[in-house]
Amino acid sequence: MKGLRHDEIAEKQKQPAKDLLLGRNTFEIFASFSPEHDDIRPGVNDARKYVMSSTLEKSDWKNSVFLKSVDDIKKRKESDGSDIKVHGSGNLVQALLKKDLVDELWLLIHLLTLGKGKKLFEDGTIPAAFTLLESTATASGVTATHYKGAGEFKTGNMGG
C-alpha cells in the first residue's frame with residue numbers, strides 16, 4: 001500500500017472551518033509568518049483567529065480576537081458559528097480536554113520515544129471515548145488519524 005505525502009494528508013484534513021483557536025505561542029509563530037505567505041496556507045489570513053492569552057490583547061494580524069479564559073471558549077462553542085480548529089497549542093489543548101470541550105481530534109503522529117517531554121494527554125484529562133473515523137499512513141511513517149468524540153468512556157471493552 002502506497003503511503004500519502006504530508007501535503008496530501010493536509011489536503012485531506014481541510015474542512016470549511018473559518019475559525020482558528022490558538023494559544024499565545026502558536027499565534028505568535030503564525031502571526032510572524034502567515035500574513036506574507038498566504039500562498040502556503042490559503043485562507044488563514046482571512047480566518048477569525050481566537051487567541052487564548054493572558055498577556056496579549058491586540059495584534060496587527062487581521063481578524064484576531066483575544067480570549068482570557070476557557071470560559072470564553074465555552075461561550076463561543078455554545079453559540080452559533082462555524083467549527084473552530086486548534087493548530088498546535090499543546091497547553092491550550094490540555095485545558096480544552098480537561099473541560100470536555102473537544103469534539104474531534106485530528107492527529108499527525110510522528111512516533112518516537114524521548115523518555116521525557118510534553119504529553120498530549122496530561123494528568124487531569126477527563127476520561128472520554130473517541131471513535132476512529134479515518135487513519136492514513138504516509139510513506140515516511142507518519143500516521144494521520146481523525147477521531148470524533150463518542151461520549152463517556154466505558155471500561156472493560158476492548159472489542160471493535
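**The nonpolar interior and its surroundings**

A: Of the 160 residues in this protein, 28% count as buried, that is, they have under 20% relative accessible area, whereas exposed means over 50% and partly exposed in between (1.4 Å probe, protein chains only). The model is predicted, so that local features need pLDDT of at least 70 and side-chain atom pairs count only at pLDDT 80 or more, while totals for chains, interfaces and linings use all residues. Residues are numbered from 1 along each chain as its sequence is written, and side-chain values use heavy atoms, with hydrogens and water left out.

The protein contains 4 helices and 7 strands, where helices (H or I, at least four residues) and strands (E, at least two) are DSSP runs numbered from the N terminus. Read from the N terminus, the elements follow the order α-β-α-β-β-α-β-α-β-β-β. Among the contacts (heavy atoms within 4.5 Å) with a separation of 6 or more, 62% are between residues 24 or more positions apart. The accessible surface is about 11,100 Å², and carbon and sulfur atoms account for 53% of that surface; such areas come from the Shrake-Rupley method with a 1.4 Å probe, and for residues only the protein chains shown count as cover.

A nonpolar core is a set of buried Ala, Val, Leu, Ile, Met, Phe, Trp, Tyr and Cys residues joined through side-chain atoms within 4.5 Å. The largest one has 14 residues, and L21, M52, L67, I73, L92 and L96 have the most contacts inside it. At least two residues of this core come from each of β2 (48-52), α3 (70-78), α4 (90-98) and β5 (104-109). The greatest contribution is that of α4, with 4 residues. Another core, of 9 residues, lies apart from this one and includes A47, L56, W61 and F66. In soluble globular proteins, nonpolar side chains tend to be buried together.

Leaving aside residues up to four places away in sequence, I73 touches L21, M52, L67, L92, L96 and L101. L67 belongs to strand β3 and is buried, with a relative accessibility of 9%. Again leaving aside residues up to four places away in sequence, the partners of L67 are L21, Y50, V51, M52, S53, D72 and I73. L67 and E57 are 10 residues apart along the chain, and 8.4 Å separates their C-alpha atoms.

Consider next the sheet to which β3 belongs. It is an open sheet of 4 strands, ordered β3-β2-β1-β4, with parallel pairing; two strands pair if DSSP finds at least two bridges between them. Because β3 (64-67) and β4 (84-86) are at the edges and each has a single partner strand, one side of each has no neighbour in the sheet. On average, neighbouring strands here are turned by 25° against each other, direction ignored. Strand β1 (residues 19-23) pairs with β2 in the parallel sense over 5 bridges, and L21 stands opposite Y50 in β2. Helix α3 packs on this sheet and touches β1, β2, β3 and β4, its direction making about 150° with that of β2. Helix α4 also packs on the sheet, touching β1, β2 and β4, and its direction makes about 105° with that of β1. For these angles, axes are lines fitted to C-alpha atoms, for helices over the stretch in contact, and the angles run from 0 to 180 degrees between N-to-C directions.

β5 and β7 are joined by 6 bridges, and β6 (residues 130-137) pairs with β7 over 7 bridges. T143 in β7 is the bridge partner of I109 and also of A137. In the hairpin of β6 and β7, with 5 residues between the strands, G141 has a positive phi near 100°.

Also in β7 (residues 143-149) is H146, which is buried at a relative accessible area of 9%. The side chain of H146 makes a polar contact of 2.5 Å with that of E104 and one of 3.4 Å with that of W106. A polar contact is a pair of N or O atoms within 3.5 Å; within protein, one must be able to donate a hydrogen and the other to accept it, and residues adjacent in sequence count only if both atoms are side-chain atoms.
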